[in-house]
Amino acid sequence: TAISGIGKYVFELVNGFAQIDDKNEYAFYEYNHTKVLYPVEKKNFSYVVLKFNTEIRSFRIFLEQFLFSRFIKKQKLDVFHGPSFMLPVFKPLKVKCVITVHDLTFLRYPESFTQETLLYYSLFFKRSLYNADMVIADSQATKDDIILYYHVPKNKVKVIYLGVDKAFTPAVDKVHAAKVEKKYALPKKFFLFTGLLSPRKNIEGALSAFNNLNADQYKDYHFVIVGGKGWLYEP
């Protein structure tokens with residue numbers, strides 16, 4: 001199953017914890033339509049599949065914000081981590097809560113989001129920052145934005161950079177590389193974009209920059225785009 005950025009972030013966290021920790025217990029809450037994404041089997045790992053119609057976004061938001069704290073309280077967790085911006089509105093007492101904030105593009109570039117998504121963030125994001133005992137930011141720029149726009153204390157936000165998968169190394173198998181080139185009819189020289197197709201990725205800006213490159217120096221180069229369809233991708 002293909003997963004986008006935050007899903008990949010969670011996937012790597014799960015596998016990372018599996019490699020380094022046999023002592024602490026981990027409980028992973030999964031939606032009934034995504035549970036196949038994180039199939040790590042260890043004695044200190046448990047999975048709670050939320051039997052709720054999570055494919056309908058409005059139901060999923062209601063579950064996350066108003067019912068989810070019950071699951072957290074029932075598990076008697078020491079720490080709860082929300083890897084995608086949000087925590088439940090009603091924070092369970094005696095449970096330390098951490099969220100990861102990947103960026104504040106919804107605030108800086110609202111034209112890149114649907115009105116439904118902007119409403120979701122406006123209703124719940126600030127409360128999540130307030131409920132969090134610690135906020136993880138992917139970059140220093142994101143930390144600076146959190147402090148600037150939401151006046152969160154500096155010592156509450158910690159920058160933890162994303163890791164790099166071992167797959168991102170130069171290909172050494174020339175036979176396999178040739179098969180990939182043939183399968184996708186790839187040109188010999190190209191710039192590569194990878195990511196979900198949506199306005200906030202600014203693919204139009206990248207194409208415009210590519211179009212303005214020195215024609216003689218880059219005459220043999222192409223622009224290759226790899227990515228699934230996100231919201232407002234049509235242009």
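A: Buried means under 20% relative accessible area. Keep that cut-off in mind for the aromatic rings here. The model is a predicted one.

By that cut-off, Y121 and F125 are both buried. F125 has a relative accessible area of 0%, so it is buried. F106 is at 7%, so F106 is buried as well.

Now the pairing. The structure contains 20 aromatic pairs. One of them joins F106 and F125: the ring centres are 5.2 Å apart and the planes stand at 80°, so this pair is edge-to-face. F106 sits in helix 3 (residues 105-108) and F125 in helix 4, so the pair ties together parts that are 19 residues apart in sequence. Y121 and F125 also pair. Their centres lie 6.4 Å apart with planes at 75°, so that pair is edge-to-face. Y121 and F125 are four residues apart in helix 4, about one helical turn.

These rings belong to one aromatic cluster, made of F85, F106, Y120, Y121, F124, F125 and Y150.

Next, the nonpolar core. The largest one has 33 residues, and F106 and F125 are among those that touch the most other members, along with F80, V101, L129, V135 and I146. Elements giving two or more residues to this core include helix 2, strand 4 (96-101), helix 4 (115-131) and helix 5 (140-150). Helix 4 gives the most, with six residues.

V135 shows how parts meet. Beyond its neighbours within four places in sequence, V135 contacts I99, V101, L129, I146, K156, V157 and K158.

Definitions and conventions: Residues numbered from 1 in each chain as written. Predicted model: local features only at pLDDT ≥ 70, side-chain atom pairs only at ≥ 80, totals over all residues. Heavy atoms only, no water. Core = buried A, V, L, I, M, F, W, Y, C linked by side-chain atoms within 4.5 Å. Buried < 20%, exposed > 50% of the residue type's maximum accessible area, 1.4 Å probe, protein only. Contact = heavy atoms within 4.5 Å. Phe/Tyr/Trp six-rings, centres within 6.5 Å; stacked < 30°, edge-to-face > 60°.
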